[in-house]
Amino acid sequence: MKIELVRDTREKLPLDFSREGFSFTVIDEGLSFGDYCLRIDGNLIFCIESKNPGDLISTIQSGHDRFKAEILRAKTANIPLLVAIEDSYSNVIFGGLTDSPLKIQKIIHTIMIKYNTPFYFFKNRQEMTNFIIAHCEAYIRNLNYIIKNM
């Protein structure tokens with residue numbers, strides 16, 4: 001079984017996956033959605049779109065159509081897309097990054113509900129990296145169960 005973590009070539013500040021014991025090959029490749037995708041035997045399993053707080057606010061305020069199109073590309077390909085935010089929920093919504101915090105909050109929750117796209121908030125890049133590694137490893141550990149119950 002060939003297991004890879006694909007990192008989008010356009011990722012400006014790639015996360016560091018050099019943690020000891022991380023057994024997946026990390027390869028750089030252009031992705032049509034997400035910044036990081038778990039790929040098993042050539043098939044994308046799930047993808048993660050990573051955002052820093054400023055990027056998230058900008059995407060929601062002025063790049064909403066582009067972000068929605070990315071989510072829909074993942075849905076069309078039947079690939080789950082998760083959104084990983086490099087900051088706490090409280091700081092992103094109420095930390096002074098936007099003049100319209102309640103609007104940002106409503107849009108985030110609408111995306112989560114309407115497109116079944118979960119948002120995860122992390123205190124820093126290391127915590128986000130650890131989550132991505134743990135999520136990939138959990139998928140691999142449970143692969144037989146997942147296949148059996150499809």
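What is the handedness of the disulfide of cysteine 37 and cysteine 47? In this predicted model, the torsion about the S-S bond of the two residues is about 110 degrees, so the disulfide is right-handed. The sulfur atoms of cysteine 37 and cysteine 47 lie 2.0 Å apart, and a pair of cysteine sulfur atoms within 2.5 Å is taken as a disulfide. By this rule the count comes to one disulfide. Cysteine 37 belongs to strand 3 (residues 36–40) and cysteine 47 to strand 4 (residues 43–51), so the bond ties together parts that are ten residues apart in sequence.

Both ends of this bond can also be described by their accessibility. Cysteine 37 has a relative accessible area of 0% and is therefore buried. Cysteine 47 likewise counts as buried, at 0% relative accessibility. A further cysteine, cysteine 136, is buried as well, with a relative accessible area of 0%.

Strand 3 and strand 4 pair in the antiparallel sense over five bridges, and arginine 39 stands opposite leucine 44 in strand 4. The sheet as a whole is open and is formed by six strands in the order 2-1-3-4-5-6, with mixed pairing. Its edges are strand 2 (25–29) and strand 6, each of which pairs on one side only. On average, neighbouring strands of this sheet are turned by 25 degrees against each other, direction ignored.

Helix 1 packs on this sheet, where it touches strand 4, strand 5 (81–85) and strand 6. The direction of helix 1 makes about 100 degrees with that of strand 4.

Helix 1 also meets another helix. The axes of helix 1 (residues 53–62) and helix 4 (residues 101–114) come within 10 Å and cross at roughly 85 degrees, which means that helix 1 is roughly perpendicular to helix 4. On the side of helix 1, the contact involves Leu56, Ile57, Ile60 and Gln61; on the side of helix 4, it involves Ile104, Ile107 and Ile108. Sorted by class, the residues of this contact are six nonpolar, one polar and no charged.

With neighbours within four places in sequence left aside, isoleucine 60 is in contact with Ile104, Ile107 and Ile108. Isoleucine 60 and glutamine 105 are 45 residues apart in sequence, and their C-alpha atoms are 9.9 Å apart in space.

Which residues does phenylalanine 119 contact, leaving aside its neighbours within four places in sequence? The residue has its place in strand 6 (residues 119–121), and its contacts under that condition are Leu56, Phe67, Val83, Ile85, Ile108, Ile111 and Met112. The C-alpha atoms of phenylalanine 119 and leucine 82 are separated by 6.2 Å, although the two residues are 37 residues apart along the chain.

Notes: Residues are numbered from 1 along each chain as its sequence is written. This is a predicted model: local features need pLDDT of at least 70, side-chain atom pairs count only at pLDDT 80 or more; totals for chains, interfaces and linings use all residues. Side-chain values use heavy atoms; hydrogens and water are left out. Axes are lines fitted to C-alpha atoms, for helices over the stretch in contact, and angles run from 0 to 180 degrees between N-to-C directions. Helices (H or I, at least four residues) and strands (E, at least two) are DSSP runs, numbered from the N terminus. Angles under 35 degrees count as roughly parallel, over 145 as roughly antiparallel, 65 to 115 as roughly perpendicular and the rest as oblique. Contact means heavy atoms within 4.5 Å. Ala, Val, Leu, Ile, Met, Phe, Trp, Tyr, Cys and Pro count as nonpolar, Asp, Glu, Lys and Arg as charged, and the others, Gly among them, as polar. Buried means under 20% relative accessible area, exposed over 50%, partly exposed in between (1.4 Å probe, protein chains only). Two strands pair if DSSP finds at least two bridges between them.
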